[in-house]
Amino acid sequence: MKDETVSIHGGYAGDPTTHACAVPIYQTVAYEFDSAEHGAALFNLEVEGNIYTRIGNPTNAVLERRVAALEGGVEALTVSSGMAAINYAILNLAEAGNNIVSLPQLYGATYTLFAHLLPKQGINTRFAESDDPAAIERLIDDGTRAIYCETVGNPAGNIADIAALAEIAHKHGVPLIVDNTVATPVLLKPIQHGADIVVHALTKFMGGHGTTLGGIIVDSGRFPWREHRRRFYMFNEPEPSYHGVVYTEQYGDAAYIARCRTVAQRNTGSTLSPLSAFLLLQGVETLPLRVERHVENARRAAEFLRAHDRVEWINYVGFPESPYYKLAQRYLAGRCCSLMTFGVAGGFESGAKFFDALKLFKRLVNMGDAKSLACHPASTTHRQLSLEEQRKAGISPETIRLSIGIEHIDDILADLAQALDATR
Ligand code: PLP
């Protein structure tokens, strides 16, 4: 079925006990066993069923199946936030002594996780000089366990050449992990272009209303873990923390997610609450409709900003002068996301004046809400980064990032106009 239909019906065939039409919120910690034998069979993974919400919940399972279907994956795991999804996606396949190779343009907390936190656990990140696939390939060695990128970078707005990165990753026997938060599967399905693992902050466009944190990891089911037994022994040898299960034998194509659930999630517990899963499902139902309006409003706002005498530069991949224009045509079919950055003439001071004058746009550090949002990365999300790190992440001191909402375009443009006037 098409995205519009999957977003509403995917992963839910009705509630077996109550026949509830809406997805019920299974607000329970644990599930009763029929008997000692039944409990043992569940723990032995011999029968399907629920044990404890830290590792699985029926409401969360609907969201997992729905997003897996939208992305074209075989399985998914919901977690408590986008950052938890990124952390687990890496910890599930790398350990002390390994490295991952990443594009330099990343969301601020992803950058700090990779640059500062994971190295303390012995997993180093090699940041490429640029997002040129050749710059990535140069950094791969025998210790590399994954290539990582954002399909559309936040806030840089760069578009990753997913097919080229996937080819390089597969040539070296490692998976490509992508963060598809900004694009959403409505605009871009990275698995179709060769990505192996897709992560999301459901917090953003997928939920769409700025009410609920959540993350998800989707497994394409395509990476040949068995062919790379030595490098990815954790999927091919008995797992000591889960009584010796061999994930590729027990779960076949879904080995990666099964291990993520029963090792990372079970033992460290960044679980999504069932109520949050329910709220996020409400958002996903309207995702294709909202994205359509986001994209159209963003195009109009970008055109308005480009023509304005107070705007010094604008970074919007829908313009032919953008270095990412061709990739945006190829991967997004020209339906550019609603994220853009720009600089007001007059540097940092004018940028601050513009920011303070906004009335409809919310001043905050979020994106992907139905509401239009504005953020000043240098003083917030990317504050912990040095100027050089900020430059590599694609921002400068005056950069304003806009996430264009789904209000009426006339009201959005009027707010931008009056805030720009305030900088004169
Ligand atoms: N990935 C991207 C691209 C993001 O923009 C964000 C947050 O802004 C995250 C991941 C982290 O998501 P969360 O805030 O749900 O942890």
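## The largest cavity

By class, the residues lining the largest cavity comprise six nonpolar, two polar and no charged residues, where Ala, Val, Leu, Ile, Met, Phe, Trp, Tyr, Cys and Pro count as nonpolar, Asp, Glu, Lys and Arg as charged, and the others, Gly among them, as polar. The lining is made up of Val152, Ala156, Gly157, Asn315, Tyr316, Val317, Cys337 and Leu339, and the volume of this cavity is about 60 Å³. The structure holds four cavities of 30 Å³ or more.

On a 1 Å grid over the protein atoms alone, a cavity is a set of points where a 1.4 Å probe fits but cannot get out, a pocket is an open set with protein on both sides within 12 Å along at least five of seven lines, and lining residues have an atom within 4 Å of a point. Grid points are joined across faces, edges and corners, and a volume is the space filled by probe spheres set on the points.

## Basis of the model

This is a predicted model, in which local features need pLDDT of at least 70 and side-chain atom pairs count only at pLDDT 80 or more, while totals for chains, interfaces and linings use all residues. Residues are numbered from 1 along each chain as its sequence is written, and side-chain values use heavy atoms, with hydrogens and water left out.

## The largest pocket

About 890 Å³ of space lies in the largest pocket, whose lining of 29 residues has Glu48, Gly49, Asn50, Glu75 and Arg261 nearest the pocket centre. Two or more lining residues come from each of helix H3 (58-71), strand E1 (75-79), helix H10 (247-251) and helix H11 (255-268), and H3 gives the most, with five; helices (H or I, at least four residues) and strands (E, at least two) are DSSP runs, numbered from the N terminus. By class, this lining has 16 nonpolar, seven polar and six charged residues.

## The ligand and its pocket

The ligand takes the space of the second largest pocket, which holds about 290 Å³; a molecule sits in a pocket if more than half of its atoms lie within 2 Å of the grid points. The lining of this pocket has ten nonpolar, eight polar and four charged residues.

An oxygen atom of the ligand is 2.8 Å from a polar backbone atom of Gly82, and an oxygen atom of the ligand is 2.7 Å from an N or O atom in the side chain of Asn154. A nitrogen atom of the ligand is 2.6 Å from an N or O atom in the side chain of Asp179.

How values were computed: Polar contact = N/O pair within 3.5 Å; in protein donor to acceptor, adjacent residues only side chain to side chain.
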